[in-house]
Structure formats: structure tokens, C-alpha cells
Amino acid sequence: MPTKEELQQRLDQISELFASLVTHADHQSLYRCPYKNRLDQCTAQFGCRNKRKPRAHGELPICAGDDKLDYRPAWE
Amino acid sequence: MAEIADITHEFIRQEIEEFIERPEERQRTINTFAKARPEMQAIAAALIEGENDIVDQLTRQALDSGIEALEVMDYGLIAGMGIVGIKFRQNFIFVPEVLACARAMKAGMAHIEPILSAAGVEPIGTVIMGTVKGDLHDIGKNLCIMMLRGSGFVVHDLGVDTSPDKFIEAVEETKAPLLGMSALLTTTMPNMGKTIEAFIDADLRDEVKIMVGGAPVTQDFADDMGADGYGKDALACVALAKNLLGVVARS
């Protein structure tokens with residue numbers, strides 16, 4: 001049975017890992033829409049003028065944002 | 001020193017070769033996975049793919065077969081999340097993928113929770129989280145939830161477009177002492193105030209601390225509508241949640 005201290009140490013490690021993830025997410029979202037996935041698809045549940053027809057039936061819409069301009073005014 | 005060929009899981013080998021560029025980080029990751037048994041490598045691989053059902057199943061199986069919780073965390077869940085962090089930092093994956101991996105991590109951690117509890121590690125507290133009525137923007141809320149869970153809170157996620165009644169119901173059901181609301185639109189921000197008023201009308205305002213956040217929200221706005229606190233981002237949200245629950249340090 002692991003001790004409280006051993007388990008706590010792992011939880012602290014997870015917390016640190018997640019803290020670095022959210023810090024990077026904040027930084028990255030200054031130039032890239034956070035709803036845009038690695039396949040340049042839009043995962044947002046709301047309308048956005050940058051959304052384009054999916055590549056194939058059943059897929060997510062394509063994001064046409066170019067990551068150069070502020071993407072937020074396109075959100076509806 | 002371990003070599004990449006010492007890792008049995010092909011997907012993990014590929015992930016390391018393709019995405020981990022810094023030599024020290026690469027060697028550290030190889031050393032970790034070379035020591036990990038195949039079951040742990042499979043958990044890490046499923047987590048990296050964001051497959052929460054598979055992480056759930058494999059973690060359960062591993063613990064049932066007698067593998068220690070510490071080993072599952074060190075060589076499965078945390079090791080997998082380590083690769084996710086590197087891929088994210090290097091912009092190989094983005095926020096939606098990270099959130100999927102975090103959900104997979106949560107699925108695995110659900111099986112560790114009874115072990116934590118038995119060892120005397122209790123959750124810091126329970127939080128209800130939701131995006132207010134009329135608002136469908138949920139990334140900020142989801143990052144807060146990821147961070148809260150990662151910091152030891154139990155979170156009930158009400159999703160987007162959450163009516164005041166739904167918030168009230170959730171607080172009554174779970175007896176959560178803390179509620180977080182987010183809004184991204186200036187048009188939906190007033191619904192935070194309306195939700196707080198609904199808690200007053202239901203005679204529940206004293207039962208729950210309310211924190212708010214979202215791009216257009218400010219400390220002044222939070223104060224004006226009667227919230228107990230405002231968090232500007234996910235890290236601030238966790239600090240605020242701890243503060244509101246009177247948590248000084250977790251030990």
C-alpha cells in the first residue's frame with residue numbers, strides 16, 4: 001500500500017504538469033484559435049465565420065483561420 | 001543507459017522518435033518507458049491518443065492484476081501525460097487534443113481515487129462548473145476544469161448554456177460548496193448576475209461560494225454582480241478555489 005506522501009508527490013507532479021499545459025494554452029491562444037485541432041478542424045459548438053465545409057461526411061468542419069489575424073471577431 | 005529498442009510498444013517508440021527532439025528529454029523518456037512493463041506502455045499510449053475508454057479499462061485491469069497504483073501513475077498515466085506535454089509545447093498538438101488526453105487521464109485516475117482515499121489523501125473540495133445560459137464557448141471553462149481536477153478537486157461539469165436552475169439543482173444535489181461560472185460574450189455576462197440572483201431567491205446564496213471568469217469579465221464586474229471571486233485564467237481559478245475553501249496548502 002503506497003503511503004500518503006508517495007501518492008501526494010504524484011498528485012503534485014500531475015498538478016505541475018497541468019499547470020505547464022494551461023500556461024502554454026494561454027500563450028498559444030494569443031495567435032491560434034483554441035478550438036482548432038491539429039488537423040485544422042474546428043471543434044467549437046458555436047458558429048464561426050472561419051468554419052468551412054468538412055473534408056468528408058461526418059468529419060468536423062475545417063477552420064479557415066490563418067493564425068495571423070485575431071480569430072476572435074469571427075466567433076458568433 | 002536504455003535504448004529506444006528496449007521499449008516494447010511500437011506506438012510509444014514512434015512518438016518518442018517523431019516528437020521528442022531535446023536529447024536529455026528524449027533519453028529521460030526512453031529510460032522511463034524502457035523500465036515500464038507492456039501494460040503500462042499500453043496505458044500511456046491510449047492516454048496520448050486521448051482514448052478515455054481504453055485508459056479506463058486498462059487501468060482497471062492493471063490494478064486488478066495487482067500492479068501498484070504508484071507504478072500505474074509513474075509509468076502509465078504520468079509518463080503518458082509527459083509526452084502529451086512535450087508534443088503540446090512543441091506545437092505538434094493543440095488545446096482540443098490536450099483536453100482529450102486530460103479526460104483520458106481522468107478516466108484512469110478515477111480508479112486510483114479509492115486508493116488515494118484509503119491512504120488519507122482526500123479531494124480538496126467539490127466544484128460545480130458551467131458556462132452561463134446562452135454561451136457556448138467552453139475552452140476556458142474546460143482548461144479550468146482540467147487544472148482543478150489536476151489539483152485535487154472533484155469537478156461536476158455542467159457544460160455550456162447552463163441555466164440558473166441547472167446550477168441550483170447541481171449545488172443542491174452535490175452539496176458542493178463552490179461554483180464556477182464562465183462567459184465569453186459581453187451579451188451573456190449578465191447571466192452570471194442573474195444566476196447569482198437565482199441563488200439568493202432560492203435562499204441558497206450562503207451555501208455556496210461563487211467564482212466567475214471569462215475573457216470580458218473583470219474583478220469590478222465580479223464585485224458588482226456579487227460574486228465571491230474572479231479568476232483571470234485557469235491557474236488563478238485554482239488559487240481562487242483554494243482560497244474560497246480556506247485551503248492553505250495541500251499536504
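B:D161 is found in the loop between β2 (153-157) and α8 (164-174) of chain B; helices (H or I, at least four residues) and strands (E, at least two) are DSSP runs, numbered from the N terminus. Phi of B:D161 is near 50 degrees, a positive value in a residue other than glycine. B:D161 has 18 other C-beta atoms within 10 Å and is therefore partly exposed. A residue is buried if 20 or more other C-beta atoms lie within 10 Å of its own, exposed if 12 or fewer, and partly exposed in between, with C-beta atoms placed from the backbone.

This is a predicted model, in which local features need pLDDT of at least 70 and side-chain atom pairs count only at pLDDT 80 or more, while totals for chains, interfaces and linings use all residues. Residues are numbered from 1 along each chain as its sequence is written, and chains are lettered from A and ligands numbered from 1 in the order in which they are written.

A positive phi in a residue other than glycine is also found at B:N91, where the value is near 60 degrees. B:N91 lies in the loop between α5 and α6 (95-118) of chain B. Because B:N91 has 11 C-beta neighbours inside 10 Å, it counts as exposed.

Helix α5 (residues 69-89) of chain B holds B:K87. This lysine is buried, with 21 other C-beta atoms within 10 Å. Leaving aside neighbours within four places in sequence, B:K87 is in contact with B:F19, B:F92 and B:I93; two residues are in contact if their C-beta atoms, placed from the backbone, lie within 7 Å. The C-alpha atoms of B:K87 and B:D56 are separated by 22 Å, and the two residues are 31 apart along the chain.

B:I93 is also touched by B:V98, whose other contacts are A:L21, A:A25, B:V84 and B:F88, not counting residues up to four places away in sequence. B:V98 belongs to the largest nonpolar core, which has 95 residues. A nonpolar core is a set of buried Ala, Val, Leu, Ile, Met, Phe, Trp, Tyr and Cys residues joined through C-beta atoms within 7 Å. Together with B:I43, B:L47, B:M147, B:L148 and B:A241, B:V98 touches the most other members. α5(B) gives this core its largest share, 12 residues.

Next come two helices of chain B. The axes of α1 (residues 10-19) and α3 (residues 38-48) of chain B come within 9 Å and cross at roughly 55 degrees. Axes are lines fitted to C-alpha atoms, for helices over the stretch in contact, and angles run from 0 to 180 degrees between N-to-C directions. α1(B) and α3(B) are therefore oblique to each other: angles under 35 degrees count as roughly parallel, over 145 as roughly antiparallel, 65 to 115 as roughly perpendicular and the rest as oblique. On the α1(B) side the contact is made by B:F11, B:I12 and B:E15, and on the α3(B) side by B:Q41, B:A44, B:A45 and B:I48.

As a whole, chain B has 11 helices and 5 strands. Its C-alpha trace spans about 65 × 40 × 30 Å along its principal axes. Of the 251 residues in chain B, 51% are buried. Among contacts in chain B between residues at least 6 apart in sequence, 73% join residues at least 24 apart.
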